[in-house]
Amino acid sequence: MPRSIAPNTSSPAVERARALFEPDRVPATPRLKDGWLEVLGEEDPTGSHPGQRLMLSSVLPRIYERLWRPLGARLLMGAAAPDAREEHRIALDMLALSSEESVLDVACGPGNFTRSFALAVGDGLVVGIDASETMLARAVKETESANVAYVRGDACALPFRDEAFDAICCFAALYLIDEPMRALDEIARVLAPGGRVALLSSCNRGPLPAGVADAVVRRLAGVRIFAREELTGALRARGLSDIEQRVTGLAQFVSARKRKVTHHRP
């Protein structure tokens with residue numbers, strides 16, 4: 001059963017998430033709304049294309065995990081698409097989570113991966129962030145773990161301080177973000193040295209060059225098609241290393257680690 005915390009009553013996890021905010025990036029008094037911390041107000045960074053606007057619907061969160069997400073995975077990855085359990089295992093393997101770590105789930109949707117991370121980190125903290133109120137409402141309703149907090153915010157302007165998280169996941173969302181490279185800037189910024197990143201996104205493999213495929217698909221649906229080396233190169237340019245890529249169909253799983261800073265004695 002979901003945890004019995006009133007929607008507008010704070011919890012230890014919410015207070016821990018609030019403590020990670022960068023004061024210059026959030027309102028003076030971020031408010032708790034329907035179980036999540038609200039930092040966007042009236043802003044809506046979702047985008048105007050059909051695929052992006054669908055994320056705000058009231059129907060999609062109810063069918064996301066059992067119908068929409070499996071269908072999307074099959075379309076992207078074909079017959080080799082992992083099922084939901086296998087996809088969760090892949091994310092957990094990529095992030096290599098340990099007890100007491102802090103995890104950020106970017107574009108968390110209804111919290112399907114957020115909840116898995118919560119089980120893996122024990123007394124750690126998992127924060128799910130999304131711009132959709134309907135997705136967050138479903139996430140709050142379905143989450144019973146006491147170490148989870150949700151935030152309504154912008155992936156391209158994360159409200160957290162530098163190096164706040166030990167691990168960051170962004171699965172099946174980066175291709176819907178209007179400015180994905182800004183989102184990667186933010187992910188790299190809030191990731192602690194030695195921290196891990198796990199991404200699942202699109203990957204161009206068709207007969208058309210990536211730029212052409214991207215222009216056509218993004219204009220129609222708002223879905224970005226990344227060139228095969230685009231995300232790995234972007235992570236490398238932002239100082240991440242140990243980059244691994246697994247391409248399946250028209251999708252790619254990408255993991256990376258932020259380098260630890262070594263201080264040499266004079």
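View 1. On a 1 Å grid over the protein atoms alone, a pocket is an open set of points with protein on both sides within 12 Å along at least five of seven lines, a cavity is a set where a 1.4 Å probe fits but cannot get out, and lining residues have an atom within 4 Å of a point. This is a predicted model, in which local features need pLDDT of at least 70 and side-chain atom pairs count only at pLDDT 80 or more, while totals for chains, interfaces and linings use all residues. Residues are numbered from 1 along each chain as its sequence is written, and side-chain values use heavy atoms, leaving out hydrogens and water. The largest pocket is lined by 39 residues, and M55, A172, A173, Y175 and L176 lie nearest its centre. Two or more lining residues come from each of α2 (50–53), α3 (60–77), β4 (125–130) and β7 (191–202); helices (H or I, at least four residues) and strands (E, at least two) are DSSP runs, numbered from the N terminus. With nine residues, α3 gives the most to this lining. The pocket's volume is about 890 Å³, where a volume is the space filled by probe spheres set on grid points joined across faces, edges and corners.

View 2. About 70 Å³ of space lies in the largest cavity. Its lining is made by Y64, R69, D105, V106, A107, C108, G109, N112, F113 and F171. The elements that give two or more residues to this lining are α3, β3 (102–106) and α5 (112–121).

**View 3. L104 in the largest nonpolar core.** A nonpolar core is a set of buried Ala, Val, Leu, Ile, Met, Phe, Trp, Tyr and Cys residues joined through side-chain atoms within 4.5 Å; buried means under 20% relative accessible area, exposed over 50%, and partly exposed in between (1.4 Å probe, protein chains only). The largest such core has 49 residues, and L104, F160, F165 and L174 have the most contacts inside it. Helix α7 (residues 180–190) gives the most to this core, with five residues. Leaving aside neighbours within four places in sequence, L104 is in contact with V127, I129, L158, F160, F165, A167, I168, C169 and V190; contact means heavy atoms within 4.5 Å. A second, separate core of 28 residues includes A118, L136, A139 and A167.

**View 4. The buried residues of helix α6.** In α6 (residues 133–142), M135, L136, A139 and V140 are buried. Seen down the axis of α6, these buried residues fall within an arc of 135°, so they line one face of the helix; the arc is that of the directions from the helix axis to the C-beta atoms.

**View 5. Two loop residues with positive phi.** Most residues other than glycine have a negative phi. Here, D34 has a phi near 55° and sits in the loop between β1 (31–33) and β2 (36–38). At 38% relative accessibility, D34 is partly exposed. A172 also has a positive phi, of about 55°, and its place is in the loop between β6 (165–171) and α7. A172 is buried, with a relative accessible area of 12%.

**View 6. S116 and its partners.** S116 lies in helix α5. Leaving aside neighbours within four places in sequence, S116 is in contact with H88 and L92.
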